[in-house]
Amino acid sequence: MPVVAVIGDGQLARMMQTEAIELGVETRVLAASKDASAAQVFGDVRLGDYTKLEDLRAVVGGADAVTFDHEHVPNEYAQLLIDDGVAVEPRPDALIYAQDKLEQRKRLSEAGLPVPAFASIESAADAEAFWDDTDGQVCLKATRGGYDGHGVWFPSSREECAELVEDLLGRDLPLMAEKKVAFTRELSAMVARNRSGDVRAWPVVESRQDGGICRVAIAPAPGMSAELAKRCEELAVQVAEGLGVTGVLAVELFEYEGDNGPEVSVNELAMRPHNTGHWTQDGCVTSQFEQHVRAVLDWPLGAVDKLSPATVMVNTLGGDEDPSVPMAERVIAVMRKYPQAKVHLYGKDHRPGRKMGHVNVCADTVEEALAVAEDAAHYIIHATWKD
């Protein structure tokens with residue numbers, strides 16, 4: 001059976017491993033430590049640093065495919081691995097558009113896809129000009145490295161905007177600005193594509209945030225017209241095909257009220273399994289993790305049909321305090337009260353706000369699934385029920 005090497009030791013790599021086991025695919029991981037989330041479950045763990053070429057070369061030798069659970073591997077190193085004959089997926093000429101937000105905006109805009117007004121910010125004067133052009137509707141972003149609400153700023157005045165830009169540029173942080181979108185909700189359109197060009201699109205989901213972190217994903221997005229859902233899916237397919245993405249792609253979207261009804265604008269891209277796709281583990285014929293493994297090996301992709309009318313995922317984010325009740329007892333209590341709830345844990349120590357795991361619930365209605373998932377996740381976090 002083939003070997004897939006995964007660069008990155010977080011929960012996404014961990015969940016890729018469990019699916020790869022079922023497919024008979026051998027896996028190895030490059031991890032920073034033996035107790036990292038993915039390192040706990042991989043049979044072949046190589047310790048190293050993904051920013052060092054020698055460590056990357058050591059883990060990919062003999063692998064049939066190499067993939068990532070984050071977008072931070074230096075692109076020049078990924079290209080050198082390709083030059084060595086390694087099948088790196090997604091390839092650096094696609095991955096750059098998940099790594100660099102400004103390049104992403106430029107490419108999507110050139111393709112005629114819906115993105116907010118944006119500009120490169122290289123001085124306080126650039127920021128002030130953009131502030132004037134957008135009537136103060138400014139969102140500043142680090143072009144690289146931001147995630148889960150980090151690397152994003154919303155200045156409240158022209159003066160604050162200029163001062164913030166001077167400070168951030170003084171720290172050698174590359175910046176861009178974009179016009180804030182008055183969105184009504186956030187959506188995620190996810191697809192998978194293999195190297196041969198086979199593409200599958202999952203149902204569009206609604207994503208609900210807490211402090212910049214996805215906390216809830218509802219599949220399919222409630223109250224969405226068939227026409228808008230199709231448009232979102234086609235947009236995600238267009239991005240995947242246009243950029244030559246291999247593997248899972250999440251296109252995060254803002255939905256807003258346009259002149260003729262709901263419209264969407266692209267917020268972010270992620271070229272890997274994504275938080276908003278965790279529902280597929282229990283609510284879909286083929287999960288995002290299995291599909292990603294298939295895609296990077298250029299195997300045929302699986303069906304993406306829903307297994308129930310509604311599936312809700314709720315993240316278990318670490319609370320302010322870690323309860324004295326052991327985690328195993330909390331899981332057992334959830335199983336006893338909600339046998340339909342599926343608990344997924346990442347093997348991480350408690351830290352406030354940290355993604356410790358998630359709960360998936362399938363039901364006939366969104367309301368039923370959401371109520372159960374919220375209560376179950378609350379107990380996992382706090383060892384108390386919501387009611």
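Biologist: What makes the link between the side chains of Gln104 and Arg105 a polar contact?

Modeller: The two side chains are joined at 2.8 Å. A polar contact is a pair of N or O atoms within 3.5 Å; within protein, one must be able to donate a hydrogen and the other to accept it, and residues adjacent in sequence count only if both atoms are side-chain atoms. The value of 2.8 Å lies within 3.5 Å and the link is between side chains, so the term applies.

Biologist: On what basis are such values computed?

Modeller: This is a predicted model, in which local features need pLDDT of at least 70 and side-chain atom pairs count only at pLDDT 80 or more, while totals for chains, interfaces and linings use all residues. Residues are numbered from 1 along each chain as its sequence is written, and side-chain values use heavy atoms, with hydrogens and water left out.

Biologist: Why is Gln104 called buried?

Modeller: Gln104 belongs to helix α5, and its relative accessible area is 1%. Buried means under 20% relative accessible area, exposed over 50%, and partly exposed in between (1.4 Å probe, protein chains only). Since 1% is under 20%, Gln104 is buried.

Biologist: Which residues does Gln104 contact, beyond its neighbours within four places in sequence?

Modeller: They are Tyr97, Val266, Asn267, Glu268 and Leu269, where contact means heavy atoms within 4.5 Å.

Biologist: How do you know that Lys101 and Glu268 have to do with a binding site?

Modeller: That comes from UniProt, whose unreviewed entry places the feature "binding site" at several positions, including Lys101, Lys141, Asn267 and Glu268. UniProt positions are given in the numbering used here, feature names are shortened, and annotations may be inferred rather than shown by experiment. In the model, Lys101 is in helix α5 (residues 101-110), and Glu268 is in strand β14 (residues 261-270). Both count as buried, because Lys101 has a relative accessibility of 9% and Glu268 one of 15%.

Biologist: What surrounds Glu268, leaving out residues up to four places away in sequence?

Modeller: Glu268 touches Lys101, Gln104, Lys141, Ala250, Val251 and Glu252. Its side chain also has a polar contact of 3.0 Å with that of Lys141.

Biologist: How do you know that β13 pairs with β9 and with β14?

Modeller: Two strands pair if DSSP finds at least two bridges between them. Helices (H or I, at least four residues) and strands (E, at least two) are themselves DSSP runs, numbered from the N terminus. Strand β9 (residues 185-193) and β13 share nine bridges in the antiparallel sense, with Arg193 opposite Gly247. β13 and β14 are likewise antiparallel over nine bridges, and Glu257 has Pro262 as its partner in β14.

Biologist: What makes strand β13 mostly covered?

Modeller: Of the twelve residues in β13 (residues 247-258), nine are buried. β13 also forms a hairpin with β14, with two residues between them.

Biologist: What makes β3 and β4 edge strands?

Modeller: They belong to an open sheet of four strands with parallel pairing, in the order β3-β2-β1-β4. Each of the two, β3 (44-47) and β4 (65-68), pairs on one side only. Four bridges join β2 (residues 26-31) to β3, and Ala31 is partnered with Leu47. Helix α2 (residues 53-60) lies across this sheet at about 165° to β2.

Methods: Axes fitted to C-alpha atoms, helices over the stretch in contact; angles between N-to-C directions.
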